[in-house]
Amino acid sequence: MDVKRAGCAIAALAMTSCSVGTDIPKAASFGESYAQATYFKGYENSGLSNASNQFYTKAYDDSCASLSGGAKFFSMTGSEKTVLLEANRRTIIYALTNNIRGGGFAAGVGPVYDTSVCANKVAFVPKPFGKYDVIQRRKNAGPCELEIIDKDTGSPPASFERLEYKVCVK
């Protein structure tokens, strides 16, 4: 299985889908009804043997019935994606980062890989005309935390809350 399909397989197990479709109408625009979120790739590549990937998605309730939208990043893709979020509606953001690095070759075993997974879930209520940066930082097997920063204040939104991460199953 190639690296991208392996990443989607991991994401599919953890977040139900590798799709990053959206529930926001195409004609929607930033303003009174919608806030703007910019998802950032929050991991460092560690050379040619790195197959890391990162997925963001959102939902409006814990049942995951409203799971949609987001961004996906692979080693060879861009590092940010801007999307619209409904203003004045509690939004749950899921983030999953997989770090897969080639660790060498072991006699009798074959290729050896170092892998680690980082998953977080947070919620907040975007404000009309709000602009937010969303990033889950991860450096290989190091600490992992999902941050949302209100660009107007430089701080997390007042409504920001960390939630227990559970696999989202539709």
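Reader: Let's start with the rings. Which residues do ring pairs link into a cluster?

Author: Keep in mind that this is a predicted model. Rings count as paired when their centres lie within 6.5 Å. Here, ring pairs join Tyr 39, Tyr 56 and Phe 73 into a cluster.

Reader: How many aromatic pairs does a search of the whole structure find?

Author: It turns up 5 aromatic pairs. Take Phe 55 and Phe 74: their ring centres are 5.8 Å apart with the planes at 85 degrees, so this pair is edge-to-face. Phe 55 belongs to strand β2 (residues 53-59) and Phe 74 to strand β3 (residues 68-74), so the pair ties together parts 19 residues apart in sequence. Phe 55 is buried at 3% relative accessibility, and Phe 74 is buried too, at 8%. Another edge-to-face pair is Phe 124 with Tyr 132, at 4.9 Å centre to centre and 65 degrees between the planes. Both of those residues are buried.

Reader: And charges over rings: which residue lies over the face of Tyr 60?

Author: For that you check how far the charge is from the ring centre and from the ring normal. In this model Arg 89 sits over the face of Tyr 60, 3.8 Å from the ring centre.

Reader: What about covalent links: which cysteines form a disulfide?

Author: The test is a pair of cysteine sulfur atoms within 2.5 Å. The whole-structure search gives 1 disulfide. Cys 118 and Cys 144 form it, with their sulfur atoms 1.4 Å apart. Cys 118 is in strand β6 (residues 110-124) and Cys 144 in strand β8 (residues 144-150), so the bond ties together parts 26 residues apart in sequence.

Reader: Is Cys 144 buried or partly exposed?

Author: Cys 144 is partly exposed, with a relative accessible area of 24%, while Cys 118 is buried at 3%.

Conventions
Residues are numbered from 1 along each chain as its sequence is written. This is a predicted model: local features need pLDDT of at least 70, side-chain atom pairs count only at pLDDT 80 or more; totals for chains, interfaces and linings use all residues. Side-chain values use heavy atoms; hydrogens and water are left out. Helices (H or I, at least four residues) and strands (E, at least two) are DSSP runs, numbered from the N terminus. Buried means under 20% relative accessible area, exposed over 50%, partly exposed in between (1.4 Å probe, protein chains only). Rings of Phe, Tyr and Trp (its six-membered ring) pair if their centres lie within 6.5 Å; planes under 30 degrees apart count as stacked, over 60 as edge-to-face and the rest as tilted. A charge sits over a ring if NZ of Lys or CZ of Arg is within 6 Å of the ring centre and within 35 degrees of the ring normal.
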